[in-house]
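Please keep the sequence and the coordinates in view while reading.

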Amino acid sequence: MKLSNGYTRPGWTAVSLIALGAFVWLLGRALTALPVGVAYAVWTGIGAAGTVLIGSMLFGESLTPLKLGGVGLIVGGIVLLRSAPA
């Protein structure tokens, strides 16, 4: 969304909208295999971790050991949620 410059750049706006549709579709797919609470937590956790990493790669945002540790905790939480018995 940042690259779309407030949705004034048509190409990046289209990419943002297509990505949004894909993310919602993937959440729907996850709901076929996981309870809604776990699916949503996993979906938002992946989004949060991915946003930190993409922000670092595309926009040069700092990626400190503390931030990497936070991403690691998110990923660890996702693994625990996914592996917990229903």
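Helices are DSSP runs of H or I with at least four residues, strands are runs of E with at least two, and both are numbered from the N terminus. Under this definition, isoleucine 78 belongs to helix H3, which covers residues 65-83. The model is predicted, so local features need pLDDT of at least 70 and side-chain atom pairs count only at pLDDT 80 or more, whereas totals for chains, interfaces and linings use all residues. Residues are numbered from 1 along each chain as its sequence is written, and side-chain values use heavy atoms, with hydrogens and water left out.

The packing of two helices may be taken up next. Two packed helices are described by the angle between their axes and the distance between the axes. Here the axes are lines fitted to C-alpha atoms, for helices over the stretch in contact, and the angles run from 0 to 180 degrees between N-to-C directions. Helix H1, residues 10-31, packs with helix H2, residues 36-59, at an angle of about 145°, and their axes are 9 Å apart. The crossing of H1 and H2 is right-handed; a crossing bears this name if the near helix is turned clockwise from the far one by less than a right angle, and is left-handed if anticlockwise. With contact defined as heavy atoms within 4.5 Å, Phe23, Val24, Leu27, Ala30 and Leu31 of H1 meet Val36, Ala39, Tyr40 and Trp43 of H2. By class, the contact of H1 with H2 has nine nonpolar residues, no polar and no charged ones. In this scheme Ala, Val, Leu, Ile, Met, Phe, Trp, Tyr, Cys and Pro count as nonpolar, Asp, Glu, Lys and Arg as charged, and the others, Gly among them, as polar.

Leucine 31, in helix H1, touches Val36 and Ala39, not counting residues up to four places away in sequence. Accessibility is classed as buried under 20% relative accessible area, exposed over 50% and partly exposed in between, with a 1.4 Å probe and protein chains only. Leucine 31 counts as partly exposed because its relative accessibility is 38%. From C-alpha to C-alpha, leucine 31 and lysine 67 are 29 Å apart in space, and 36 residues apart in sequence.

How is the aromatic pair in the structure arranged? A pair of aromatic rings is described by the distance of the centres and the angle of the planes. Rings of Phe, Tyr and Trp (its six-membered ring) pair if their centres lie within 6.5 Å; planes under 30 degrees apart count as stacked, over 60 as edge-to-face and the rest as tilted. The structure holds one aromatic pair. The ring centres of tyrosine 40 and tryptophan 43 are 5.7 Å apart and the planes stand at 45°, so the pair is tilted. Tyrosine 40 and tryptophan 43 are separated by about one helical turn, because they are three residues apart in helix H2. Tyrosine 40 is partly exposed at a relative accessible area of 46%, and tryptophan 43 is partly exposed at 30%.

Isoleucine 78 is buried at 14% relative accessibility. Neighbours within four places in sequence aside, isoleucine 78 is in contact with Val42, Gly45 and Ile46. Its C-alpha lies 8.6 Å from that of valine 38, although isoleucine 78 and valine 38 are 40 residues apart in sequence. Serine 56, in helix H2, is buried with a relative accessible area of 19%. Serine 56 touches Glu61 and Leu63, residues up to four places away in sequence not being counted. In helix H1, serine 16 counts as buried because its relative accessibility is 15%. With neighbours within four places in sequence left aside, serine 16 is in contact with Met1, Ser4 and Tyr7.

The segment before H1 contains tyrosine 7 and asparagine 5. Most residues other than glycine have a negative phi. Asparagine 5, however, has a positive phi of about 55°, and tyrosine 7 has a positive phi of about 60°.
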